[in-house]
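Q: Before we discuss any single feature, could you put the model on display and take me through how such features are read?

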Amino acid sequence: MSILQVQHIEKHFGDTRVLEDISFELEQGQALAIIGSSGSGKTTLLRCLNFLETPDRGRILVRDKVLFDAGDPATQRESEIRKKRLHFGMVFQSFNLFPQYTALKNVTLAKELLAQERPDFKQNKKAILEGIEAEGRALLSKMGLAERAGHYPHQLSGGQQQRVAIARALALSPDILCFDEPTSALDPELTGEVLKVIRGLAEQKTTMIIVTHEMAFARDVADQVIFMDGGIIVEQGDARQVIEHPREERTRQFLSRYEESSVSGQ
Amino acid sequence: MYSFWDVNVAMLEGSVTTLQMFVLTLLFALPLGLIISFGSMSRFSPLRWLTKTFVWIIRGSPLMLQILIVFYGPGLLFGWKALPRFTAALVTFVINYACYFSEIYRGGIQGVPKGQQEAGQVLGMTKSQIFFKVTLLQVVKRIVPPMGNEFITLVKDTSLVRVISVYEIIWVGESFIKKGMIWPLFYCMVFYLLFSGALTLALGWFERKLSYFK
């Protein structure tokens, strides 16, 4: 069963068409990699899913429920969009951790705020907050950061910051976890630790969408790949199939340019 | 003749007014400035332009002139009874400083990376949660140095209320000239320096308090 259905999404910035007729589906427990050159619309697509951008056309369904329909303003009310965003988790290229909070507080803050809306929050406040903190600590140790819980973001390396950001996104148990070039802002020697964590999540069948420039990683970790160029989906299919034996000429060109510039040559 | 002690007592009395003017101006101008900054960042363009024009007029004209207008204006224009001197001066200071503060707030708010707000949004936070839990402290950290500048300027600007004869430090200093003593006027400077010195220390302490994050 498809957990996510994206249907005919279109997005303009002024006169520029950034996304054109984007449709795809994602199965529960699968990882989808989106590849393509800069400016191909990958990030905008991810931002549309997280309601950071509003598509001009199209629909987004999660578990067969319409979350967004460009033709139906009722699906775009600010108050509801806030709840709908919780279906998706988002890990940003530049981490965007909250600098004034410790790693642990970064992970637990949103959940604490949501818990305040629970009717029993006042009575069980202590137990609820302790539960959230325990979950936060568990997530951080899953990221290999147990002993960094009390550190502030500026005291952590880029790779550690990004792992905190992943824990923060996981804390709200989203249906679909989105990564926007999670390693692009990192020094090469730090990408490995972040990719390893994402690989671990894939092995645990976390439903994910990963915008990435790491081709070998996309091939090995993702189940499906979408190649985008100029705001359209040029090719999509099985990850290994698309990356090793692309059918479309544009995909071939993109991947060969990639091999030339890639030093690792896997 | 008046003794050194007499001069000090008189000047301390004058300092009370200065201190009141300083504290009350901050008390009202800090929140008012935040409201004005929201106006100048509004997506509703008539409100934005109205606010910007107002800020331009207030920041673009002398504070001393504004004090005179607020104190004498209502009487000259409409024949109304003038506000009490201290109140007139305070109203002027609050409006004037709120406009300066609003620009500092605007710079501070717009200086927080957009990604902070977006991170809050994707975590399901409300607009006010994002403002109070995510943005505000980062804004405060950013605005402490420019605000400190304004606070110190305010200490000295309080002397402008002299133009409508509000009893404060300079007024006291001048009053001794009529009694044949020159040095108390220069001695006023010590009070301003003590005041701004204490303020500088307090601001430095506050800045260090916020240095635990970057």
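Q: Is helix H1 (residues 42-49) of chain A largely enclosed or left open by the rest of the structure, and how many of its residues are buried?

A: This is a predicted model, in which local features need pLDDT of at least 70 and side-chain atom pairs count only at pLDDT 80 or more, while totals for chains, interfaces and linings use all residues. Residues are numbered from 1 along each chain as its sequence is written, chains are lettered from A and ligands numbered from 1 in the order in which they are written, and side-chain values use heavy atoms, with hydrogens and water left out. Helices (H or I, at least four residues) and strands (E, at least two) are DSSP runs numbered from the N terminus, and buried means under 20% relative accessible area, exposed over 50% and partly exposed in between, with a 1.4 Å probe and protein chains only. Seven of the eight residues of H1(A) are buried, so this helix is largely enclosed by the rest of the structure; the buried residues are Lys42(A), Thr44(A), Leu45(A), Leu46(A), Arg47(A), Cys48(A) and Leu49(A).

Q: What should I look for in phi, and which residue that follows H1(A) has a positive value?

A: Most residues other than glycine have a negative phi. H1(A) is followed by Phe51(A), whose phi is positive, near 60°. Asn96(A), although not a glycine, has a positive phi of about 55°; Asn96(A) lies in the loop between strand E6 (88-91) and H3 of chain A and is buried, with a relative accessible area of 10%. In chain B, Ser165(B) has a positive phi of about 60° and is not a glycine either; Ser165(B) sits in the loop between H6 and helix H7 (169-178) and is partly exposed, at a relative accessible area of 37%.

Q: Where is Ala103(A) placed, and with which residues is Ala103(A) in contact beyond its neighbours within four places in sequence?

A: Contact means heavy atoms within 4.5 Å. Ala103(A) belongs to helix H3 (residues 103-115) of chain A and is buried, with a relative accessible area of 2%. Leaving aside neighbours within four places in sequence, Ala103(A) is in contact with Leu140(A), Arg148(A), Ala149(A), His151(A), Leu156(A) and Val164(A). For Leu156(A), the separation from Ala103(A) is 53 residues in sequence and 9.0 Å in space, C-alpha to C-alpha.

Q: How many helices and strands make up the secondary structure of chain B, and what percentage of its residues is buried?

A: Chain B has eight helices and zero strands, and buried residues make up 43% of its 214 residues. Its C-alpha atoms fill a box of roughly 75 × 50 × 20 Å along the principal axes. Among the contacts in chain B with a separation of 6 or more, 79% are between residues 24 or more positions apart.
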